[in-house]
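Let's take a walk through this one, ring by ring. Have the viewer open and follow along.

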Amino acid sequence: MSNCSQTESNCGSNQTHDDVKNYYGKHLSNTKDLKTSACAAPAKPLPKHIKDALSEIHEDITSRYFGCGLTVPQCLESCRILDLGSGSGRDCYILSKLVGPMGHVTGIDMTDEQLELSRKYIDYHTQKFGYQQTNVDFTKGYIENLKGANLQDETFNVVVSNCVINLSPDKKAVLSEVYRVLKYGGEMFFSDMYINKTLSEELKKNKMVWGEGIGGALLWKDLFQFAEEIGFSPPRLVTSRYITFNKELQDVVGDYKLVSATFRLFKVPKCAKKEKCLAIYKGGVTGYENEIQFDANFSFKEGQAVEVDEELHRILKSSRFAEHFTFHPLEKGSGSIKDIISDPFQLAN
Ligand SMILES: C[S@@+](CC[C@H](N)C(=O)[O-])C[C@H]1O[C@@H](n2cnc3c(N)ncnc32)[C@H](O)[C@@H]1O
């Protein structure tokens, strides 16, 4: 699978890809056709700058949104961003607004109908945002093989993805490719569906169950294992909420439970030191001037010292957040280890 080339004849021969293309290209015509609550309002209210950007997106695009979370991290000005499984392009256009004219957003998707729709509104949004030229493109390809779509090593600051990795038959290949195309200090910020126990083989083969994102939903511990094997820092849980099903799907799925969770994974330089410290937010991130919520466990008020674990220290220091923080050593013997929530079911509860 991870060796598949980008041509229709090679990659298109994968049955899962064909079924998913059919589901998103032909079967679903708008958000309301989904059989789960995945696309319902996000776990938290949208920050104002994101709400404003969303209000500028064309309705044809927003009405075909099939995501399950908010894949818009903070601190995006001038970033180069890649969106895996960009669909109608809703998130790409929000990000296009937020990165500004010096940034760039690439969406990649394998389904012709989705690509056609997303590309149709490039000029509309370029004008709407007042840009001289577009900062978005949509490319055809498979997220398991970004090389085949000509996406080079270490070229993106941020990779996002909204409810797509569960649809992939080879999630480790996807995450490995993300690691390859990210710059050091870069991050993957993604929302996806997680299941509470391994699904039966019979249900995995059900096309509706797979198409709705349940058949391929990961166990959250598998995400942590893949991240470690590939070289990412341990995933940081951001938000989580339970997903409900309509009657038709509930009858098929039975007592399995699913959450939609957002995680952030960083590609931290190997040499970065590992030590706990006090981190102080200097402010200055657009939309989060007074406080920045980094994940479910850590929030930073401007000017207030927060004790952070070794991994978070490494992440903040080597990423685009570094210029917005100062770091101070902990006094010997001081500090207590904070319990970190990583289980999205625990957070959703
Ligand atoms: C659930 S929809 C989400 C679309 C979009 N992210 C959104 O939030 O509206 C999944 C999208 O991922 C695309 N997709 C699924 N598997 C893919 C793969 N292996 N390679 C490329 N695109 C894929 C589908 O074509 C579809 O457009």
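**Rings and their surroundings**

Phe-300 is buried, since its relative accessibility is 0% (buried means under 20% relative accessible area, with a 1.4 Å probe and protein chains only). This is a predicted model, where local features need pLDDT of at least 70, side-chain atom pairs count only at pLDDT 80 or more, and totals for chains, interfaces and linings use all residues. Residues are numbered from 1 along each chain as its sequence is written, and side-chain values use heavy atoms, with hydrogens and water left out.

A pair of aromatic rings is described by the distance of the centres and the angle of the planes. Here, rings of Phe, Tyr and Trp (its six-membered ring) pair if their centres lie within 6.5 Å; planes under 30 degrees apart are stacked, over 60 edge-to-face, and the rest tilted. The structure has 16 such pairs. Take Tyr-24 and Phe-66: with centres 5.5 Å apart and planes at 65 degrees, they count as edge-to-face. Tyr-24 is buried at 10% relative accessible area, and Phe-66 is buried too, at 11%.

Now back to Phe-300: its ring stacks with that of Phe-298, at 6.5 Å centre to centre and 15 degrees between the planes. Phe-298 is buried, at 3%.

Lys-197 has its charged end over Tyr-256, 5.1 Å from the ring centre, while that of Lys-267 sits over Tyr-179 at 4.6 Å.

Note on methods. Buried < 20%, exposed > 50% of the residue type's maximum accessible area, 1.4 Å probe, protein only. Lys NZ or Arg CZ within 6 Å of the ring centre and 35° of its normal.
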